[in-house]
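Me: I have a model open and some questions about its inside. Can we go through them?
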Amino acid sequence: AHTLLFEKYAGSVPELRQLVSVILRLKRLNRTKQILPKEVVASFCVRYEKLQTAEKFDLLTDVAQKFLPSPSDVSVSYQKYNDALQKGSSSDPHKDAKAFERLRDELTPMYETLFESIVADYESGIIFMVKLREDLLKLKKQREFKFSKDKH
């Protein structure tokens, strides 16, 4: 089923956004450290590299906004963390570490799974991530310029 997932989405920006959304939604439901199928990762990378700069910026902005924990997720996770610290057995020396690990897992942005899979399974994964970082830095610079221009 996962192998067919990447074939369903051609190459347009909206379809690539939908592919990322499906990948991350599946991951969110699963909540394991399972690495994504290589075909899905390769499909995303190849399609991303073919995008124009503006399309890359749109996709990266969309992913950053949609796949972060919400403020309510943060509140619930923090409350569960506090509860675990209070209720856990005082004889368990790992109680705090376990609670912290659960908190970290719950608050890790979902797109991190995609990035981990790219590094692990895509033949040029490290190079791809360096280029993705370059795109992110360009986007950040462009937004800072626009923000400072709008202020004046």
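Me: By class, what lines the largest cavity?
Reply: Nine nonpolar residues, with no polar and no charged ones. Nonpolar here covers Ala, Val, Leu, Ile, Met, Phe, Trp, Tyr, Cys and Pro; Asp, Glu, Lys and Arg are charged, and the others, Gly among them, polar. This is a predicted model, where local features need pLDDT of at least 70 and side-chain atom pairs 80 or more, while totals for chains, interfaces and linings use all residues. Residues are numbered from 1 along each chain, and side-chain values use heavy atoms, without hydrogens and water.

Me: Which residues are they?
Reply: V20, F44, L59, L60, V63, Y111, L114, F115 and L132. The elements giving two or more residues to that lining are α4 and α7 (111–121).

Me: How much space lies in it?
Reply: About 50 Å³.

Me: Where is K56, and what does it touch?
Reply: K56 is in helix α4 (residues 53–66). Leaving out residues up to four places away in sequence, K56 touches Y48, E49, L51 and D135; contact means heavy atoms within 4.5 Å.

Me: And α5, which of its residues are buried?
Reply: S77, Y81 and A84. They cover an arc of only 65° around the axis, so they sit on the same side of α5; the arc is taken from the directions from the helix axis to the C-beta atoms.

Me: What covers them?
Reply: The cover includes α6 (95–107).

Me: Which residues are exposed on the other side of α5?
Reply: P71, Q86 and K87.

Conventions
Buried < 20%, exposed > 50% of the residue type's maximum accessible area, 1.4 Å probe, protein only. Helix = DSSP H or I, 4+ residues; strand = E, 2+ residues; numbered from the N terminus. 1 Å grid on protein atoms, 1.4 Å probe; cavity = no way out; pocket = protein on both sides within 12 Å on 5 of 7 lines; lining within 4 Å. Points joined across faces, edges and corners; volume = space filled by probe spheres on them.
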